[in-house]
Amino acid sequence: MSNKFGSRPNATRINEALTKLYQKINSGDGKRGLIFNADGNQKYIIFSDQHKGARDFADDFALAEKNYLKALEFYNQEGFHYLNLGDSEELWENLMESVIKHNQKTFDLERKFIERNAFTKIFGNHDLYWDNDPLSSFNLNRIYGQSIRIYEGAILRFNIEDKNLDIFLTHGHQGDLQSDGNWFSKWFVSTIWAPFQSYLKINPNTPAYDNQLKTVHNALMYNWVEKENNVALITGHTHQPVFASLTHLERLYYKIQFAEQQKNEAETALLKGELNKLIGKGEEMPALKKYKSAYFSTGCCCFNDGDITGIEIENGLVRLIKWSYKNRTDSERIVLEEMKLNVLVNLT
């Protein structure tokens, strides 16, 4: 219903919105986003889509909270800069007062990054409140003890092989009228979906979601960055992890092809076993093509098994990571994918 009465992602709108935002941040006026002159010693962790709620059955974040807290403790201790890429608070379904009341532990840990001047908060469509509500400054002060600036995006600017590499970060809802402030989508989620979800105890953010082929929206994000030179794009929004322009499922198929070409039977069997676990029965072979390795998506911090995914940038590397429950109490950091940043320079 939201797709029908709101608006599906549109290539022209998304292209224009991303270009306008990237150019605005590049102007250096600091109004819509910051430029970070990054070097080899700086470390970044990028999470998005926590959708912190009121700890009822419509709260997708509830099961992931312990993994998120453990991850923030780790990254703060290790001196990472935290880029929060939007939809951190679920303000379509909840009142601000309920979100503040039930998420104090997470806000306290986020505040520790602020105290180190190592926290950048970007708004998404579900927490657009931070950008356009006159009371947002008051509530930020309540949450963090100070009114921090909230942005629409950021650029991490690296100098690699004597060339600039811009990593452009934004939530990713821009230009999608279904999500970009659309009144029907917001009304439907808050009035119809949230009570229904709570009553039936539904969380649609299944771990299998990252195994599917790229959503239409992710494909349109990729189409924008494909035309840029020495620019990589990192978004959230879709809840679907994408690494170097490939979903986990697509990457597994490539790995299987390579292992078969190398006649590595043991590796082939291992990868096919992983593939079978992920996709189950009836999944069709994806239509693979050569992608420019310039698009990344964080996934989300509200999968229904409590897992969270994000992007790390450290020591000249970019990684897709997952924090998962090793058992019922312990959280484990797992590196899913990794590549050198210099691969992103001079892509054609």
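Predicted model: local features only at pLDDT ≥ 70, side-chain atom pairs only at ≥ 80, totals over all residues.

Biologist: What does β8 pair with?
Modeller: It pairs with β7 (residues 163-170) in the parallel sense, over 4 bridges. Strand β11, residues 295-297, also runs parallel to β8, and 3 bridges join them.

Biologist: Can you give me a residue pair for each? Which residue is the partner of Phe 168, and which stands opposite Thr 235?
Modeller: Phe 168 has Leu 233 of β8 as its bridge partner. Thr 235 stands opposite Ser 297 in β11.

Biologist: What does Ile 234 touch, beyond its sequence neighbours?
Modeller: Leaving out residues up to four places away in sequence, Ile 234 touches Ile 46, Leu 85, Ile 167, Phe 168, Leu 169, Thr 170, Phe 296, Thr 298, Ile 311 and Ile 313. As for C-alpha spacing, Ile 234 and Ala 294 are 60 residues apart along the chain, with 8.6 Å between their C-alpha atoms.

Biologist: Now the nonpolar cores. Which residues touch the most other members in the largest one?
Modeller: That core has 33 residues, and those touching the most other members are Phe 47, Tyr 68, Tyr 75, Tyr 82, Trp 130, Tyr 144 and Ile 308. Elements supplying at least two residues each include β2 (44-47), α3 (65-77), α7 (136-144) and β13 (317-325).

Biologist: Which element gives the largest share?
Modeller: That is α3, with 5 residues. Apart from this core lies another one, of 28 residues, and among them are Leu 85, Ala 154, Ala 232 and Ile 234.

Biologist: You listed Tyr 82. What is it in contact with?
Modeller: Setting aside neighbours within four places in sequence, Tyr 82 is in contact with Ile 45, Phe 47, Gln 50, Tyr 68, Leu 72, Glu 110, Phe 113, Ala 118, Phe 119 and Thr 120.

Biologist: Changing topic: which residues other than glycine have a positive phi?
Modeller: Asp 87 is one of them, at about 55 degrees, and Asn 117 is another, with phi near 55 degrees.

Biologist: Where do they sit, and are they buried or exposed?
Modeller: Asp 87 lies in the loop between β3 (81-84) and α4, and it is buried, with a relative accessible area of 1%. Asn 117 is in the loop between α5 and β4 (119-122). Asn 117 counts as exposed, at 69% relative accessibility.

Biologist: And what about Arg 116, where is that?
Modeller: Arg 116 is in the loop between α5 and β4. It is partly exposed, with a relative accessible area of 35%.

Biologist: What does the side chain of Arg 116 reach?
Modeller: It reaches the backbone oxygen of Phe 80, at 2.7 Å. The C-alpha atoms of Arg 116 and Phe 80 are separated by 9.8 Å, and the two are 36 residues apart along the chain.

Biologist: Last one, the whole chain. How many helices and strands are there, and how much is buried?
Modeller: There are 11 helices and 14 strands. Buried residues make up 55% of the 348 in the chain. The chain exposes about 16,200 Å², with 50% of it supplied by carbon and sulfur atoms.

Notes. Residues numbered from 1 in each chain as written. Heavy atoms only, no water. Buried < 20%, exposed > 50% of the residue type's maximum accessible area, 1.4 Å probe, protein only. Areas by Shrake-Rupley, 256 points an atom, 1.4 Å probe, with all protein chains shown as cover. Pairing = 2+ DSSP bridges. Core = buried A, V, L, I, M, F, W, Y, C linked by side-chain atoms within 4.5 Å. Contact = heavy atoms within 4.5 Å. Polar contact = N/O pair within 3.5 Å; in protein donor to acceptor, adjacent residues only side chain to side chain.
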